[in-house]
Amino acid sequence: MSLDIPRIKALCFDVDGTLSDTDDLYAQKVIRFFPKFLFRNPDHAARRFVMWAEAPGNVLLNLTDTIGFDDEIVAFIDWFSRHRKMSAKKFLLIPGVAEMLAQLKGHFAMSVVSARDEKGTLHFLEQFDLVKYFDVIVTGQSAEHTKPYPDPILFAAQKMNVKPEECLMIGDTTVDMRAGISAGAQIVGVLCGFGEESELRKFGAKTILKNTQDLVDVLISKTAKL
């Protein structure tokens, strides 16, 4: 099924890999440790390494079907997200994101739904003057549990005064997809972060975009025709 556009009243955006290109910056730094004579695709290997280092939950969730410890892994991800020390990163903005948010503002309620801590999330948003676009900012400490639990999306929906099923979760990892589906929201996967199309589709994404900025064409153009 494709997106039910008329049902969407609010947008929930992940940060890392969806709005922020931070992880690409770190992948560029470690790619020298993945020489071509050992790795067929050094860029892919470097990105997966950073994914393991920074978001082991995203990787572990891909193993749940084979090892059969889904509940235990989700609980570990939630604990790890809350207790790990966040690194002081330099942020990069994914090209076209600011323009996209400006175009979407006014058409939908908008929120950030991130597993990052509040300080890191606000640092990124303030650095690129993005706070003004969002009605709600949900971080890893805002709700009882973090993604992939539905709590952050349910919290954002309540604050935006919409039903969870009227939300669209936009993210780059299976963690985002699982959180969206668990909350009853629609989901969109983007390929500008860590997620690969096969993984995102496996976890329920019917709509996959190459870049986050492509969301404007999907939502605004189709909304105008309704």
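The following dialogue goes through some labels applied to residues of this predicted model and the values behind them.

Student: Why is Asp14 called buried?

Tutor: Asp14 has a relative accessible area of 7%. Buried means under 20%, so Asp14 qualifies. Asp14 is placed in the loop between strand S1 (10-13) and helix H1 (22-30).

Student: Which residues does Asp14 touch, not counting residues up to four places away in sequence?

Tutor: They are Leu19, Val113, Lys147, Met169, Ile170, Gly171, Asp172 and Asp176. Ile170 is 156 residues from Asp14 in sequence, and the two C-alpha atoms are 6.2 Å apart.

Student: What makes Asp14 and Lys147 a salt bridge?

Tutor: The closest N and O atoms of Asp14 and Lys147 are 2.9 Å apart. The definition asks for a side-chain nitrogen of Lys or Arg within 4 Å of a carboxyl oxygen of Asp or Glu, so the pair of Asp14 and Lys147 meets the definition. Side chains of opposite charge can pair when their charged atoms come close.

Student: Why is the contact between the side chains of Asp14 and Lys147 also called polar?

Tutor: The distance is 2.9 Å. The limit for a polar contact is a pair of N or O atoms within 3.5 Å, so the label of polar contact applies to Asp14 and Lys147 too.

Student: Is Lys147 buried or exposed?

Tutor: Lys147 is at 4% relative accessibility. The cut-off for buried is under 20%, so Lys147 counts as buried. Lys147 is also joined to Pro148 by a cis peptide bond, with omega about 20 degrees. Pro148 is in the loop between S3 and H8.

Student: Which residues are linked with Asp14 in a network of salt bridges?

Tutor: Lys147 and Asp176 are linked with Asp14 in that network. A search of the whole structure finds 8 salt bridges.

Student: How do you know that Asp172 is buried?

Tutor: Asp172 has 1% relative accessibility, and buried is under 20%, so Asp172 counts as buried. Asp172 lies in the loop between strand S4 (167-171) and helix H9 (174-183). Leaving aside neighbours within four places in sequence, the contacts of Asp172 include Asp14, Asp16, Gly17 and Val190.

Student: What makes the contact of the Asp172 side chain with the Thr18 side chain a polar contact?

Tutor: The distance is 3.4 Å. The limit is within 3.5 Å, so the contact between Asp172 and Thr18 counts.

Student: Why are Lys105 and Asp135 said to meet in a salt bridge?

Tutor: Their N to O distance is 3.7 Å, and the limit is within 4 Å, so the side chains of Lys105 and Asp135 qualify. The pair links distant parts of the chain, 30 residues apart: Lys105 is in the loop between helix H6 (97-104) and strand S2 (109-113), and Asp135 in the loop between helix H7 (118-127) and S3.

Student: Why is Lys105 called partly exposed?

Tutor: Lys105 is at 34% relative accessibility. Buried is under 20%, exposed is over 50%, and partly exposed is in between, so Lys105 counts as partly exposed. By the same cut-offs Asp135, at 46%, counts as partly exposed.

Student: How many residues apart are Arg201 and Glu197 in helix H10?

Tutor: They are 4 residues apart in H10 (residues 197-202), which means a separation of about one helical turn. Arg201 forms a salt bridge with Glu197, with the closest N and O atoms 3.0 Å apart. Arg201 is partly exposed at 39%, and Glu197 is partly exposed at 38%.

Student: Why does Asn161 count as exposed?

Tutor: Asn161 has 71% relative accessibility, and exposed means over 50%, so Asn161 counts as exposed. Asn161 lies in the loop between H8 and S4. Asn161 has a positive phi of about 60 degrees although Asn161 is not a glycine.

Student: Which residues of H8 are buried?

Tutor: Asp151, Pro152, Ile153, Ala156, Ala157 and Met160 are buried in H8. What covers the buried residues includes S1, S2, S3, S4 and H9.

Key
Residues are numbered from 1 along each chain as its sequence is written. This is a predicted model: local features need pLDDT of at least 70, side-chain atom pairs count only at pLDDT 80 or more; totals for chains, interfaces and linings use all residues. Side-chain values use heavy atoms; hydrogens and water are left out. Helices (H or I, at least four residues) and strands (E, at least two) are DSSP runs, numbered from the N terminus. Buried means under 20% relative accessible area, exposed over 50%, partly exposed in between (1.4 Å probe, protein chains only). Contact means heavy atoms within 4.5 Å. A polar contact is a pair of N or O atoms within 3.5 Å; within protein, one must be able to donate a hydrogen and the other to accept it, and residues adjacent in sequence count only if both atoms are side-chain atoms.
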